[in-house]
Each structure stands twice: as structure tokens, then as C-alpha cells.
Amino acid sequence: MVVTVADETMVIAVKVSGDIVIARQAGRELAERLGFSLTDRTMISTAISEIARNITSYAGSGEIRLLVGDRDGKQALVVQAEDQGPGIRDIARALDDGYSTGRGLGLGLPGARRLMDRLVIDSAPGRGTLIEMWKWVPNGA
């Protein structure tokens, strides 16, 4: 596990299951500093767990980046998950509940999408995956 902070962005290397816990906790702490409710902090940390678990399950390694940024004209807590794994062949299908190409239940990506205000996926077979999801900061804090 490596945690670095550059330009107000926290970067957590994700290689083993313990790194998922670290990424989840970092997201929860950032959400608390930004004034998110306990319910929202739980949703954010759960969404981070889901996408970080996909990194370890499908790509082997990658990173989670946490930052505060402008999205659609509003301030948001932004989570980016990036890996150089096999990529996602059918993004629309991957966002369907119950669809999985591995041993999972197929709830990770659709669940993360429901927990956050927005989730965007950039992926293709053979070139890895970048998932960006965000939750609007309460009261634009």
C-alpha cells in the first residue's frame, strides 16, 4: 500500500485486500471533513470498497484517487479508480445487476452507481479501466 498526496489529490495504491480498507477509510475521512452526513459517508466508503475490490479481483493492481473537484458546475467529492487490467468488454452490461465475468455477484458497479450521484466508466478490452464517480458536497462546502 502506498498513499501519496499531490495537488490535493490522495492516491492509494491498490494491490491487496488490505488496500481496499485503506482506500475506504480515506474516502470516509475526506467525506467527514467535507461535511457529509453519516449516511452519505457510509455510501461513499461502500462505493469505494466495491470499485477497489474490482481492481484486486479483475486487474490485480491499480489505484484509487480521492479529490475535491468541480463536476457539472458543483463541488464534488471525486473518486477515480484506475487499472491496467483486461478492460470491460461491455460497459452497459457490466452496469446491470447480477452480471459478472468473474466469481462475484455482479453487484459492485451497479451498486456503486446507485450509491453515488454519478459514475462514468472509460474502458475497453486490453487497455484497462478508469472509473470516476462523485457525490455532490453538501451546501457546496
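Lys74 lies over the face of Trp136, 4.7 Å from the ring centre, and Arg71 is placed over the face of Trp134 at 5.9 Å from the ring centre; a charge sits over a ring if NZ of Lys or CZ of Arg is within 6 Å of the ring centre and within 35 degrees of the ring normal. This is a predicted model, in which local features need pLDDT of at least 70 and side-chain atom pairs count only at pLDDT 80 or more, while totals for chains, interfaces and linings use all residues. Residues are numbered from 1 along each chain as its sequence is written, and side-chain values use heavy atoms, with hydrogens and water left out.

**Confidence and overall make-up**

- The protein chain averages a pLDDT of 88, and 86% of the residues score at least 70, where pLDDT is the predictor's confidence in each residue, from 0 to 100.
- Among the elements of the protein chain, the lowest mean pLDDT, 52, belongs to strand β1 (residues 3-6), and the highest, 97, to β6.
- The chain holds four helices and six strands, which run β-β-α-α-β-β-α-α-β-β from the N terminus on; helices (H or I, at least four residues) and strands (E, at least two) are DSSP runs, numbered from the N terminus.
- Of the 141 residues of the protein chain, 43% count as buried, with buried meaning under 20% relative accessible area, exposed over 50% and partly exposed in between (1.4 Å probe, protein chains only).
- Among contacts between residues at least 6 apart in sequence, 57% join residues at least 24 apart, a contact being heavy atoms within 4.5 Å.
- The protein chain exposes about 7,400 Å², of which carbon and sulfur atoms supply 49%; accessible areas come from the Shrake-Rupley method with a 1.4 Å probe, and for residues only the protein chains shown count as cover.

**Helices and their surroundings**

- Helix α2 (residues 38-59) has 22 residues and should span 32 Å at 1.5 Å a residue, which agrees with the 31 Å between its end C-alpha atoms; the expected span is 1.5 Å times one less than the number of residues.
- The buried residues of α2 include Arg41, Ile44, Ser45 and Ile55, and among the elements that cover the buried residues of this helix are α1 (17-33), β3 (62-71), β4 (74-83) and β6 (129-136).
- In α4, the residues Gly108, Leu109, Pro110, Gly111 and Ala112 are buried, and their cover includes α2, α3 (91-94), β5 (118-123) and β6.
- Val21, found in helix α1, counts as exposed because its relative accessibility is 56%.
- Although Val21 and Arg53 are 32 residues apart in sequence, their C-alpha atoms are 9.8 Å apart in space.

- With a relative accessible area of 38%, Gly60 is partly exposed, and, leaving aside its neighbours within four places in sequence, Gly60 is in contact with Val14, Lys15 and Ile55.
- The C-alpha atoms of Gly60 and Pro86 are separated by 9.9 Å, while the two residues are 26 residues apart along the chain.
- Asp72 is not a glycine, yet Asp72 has a positive phi of about 55°; its place is in the loop between β3 and β4.
- Asp72 counts as exposed because its relative accessibility is 62%.
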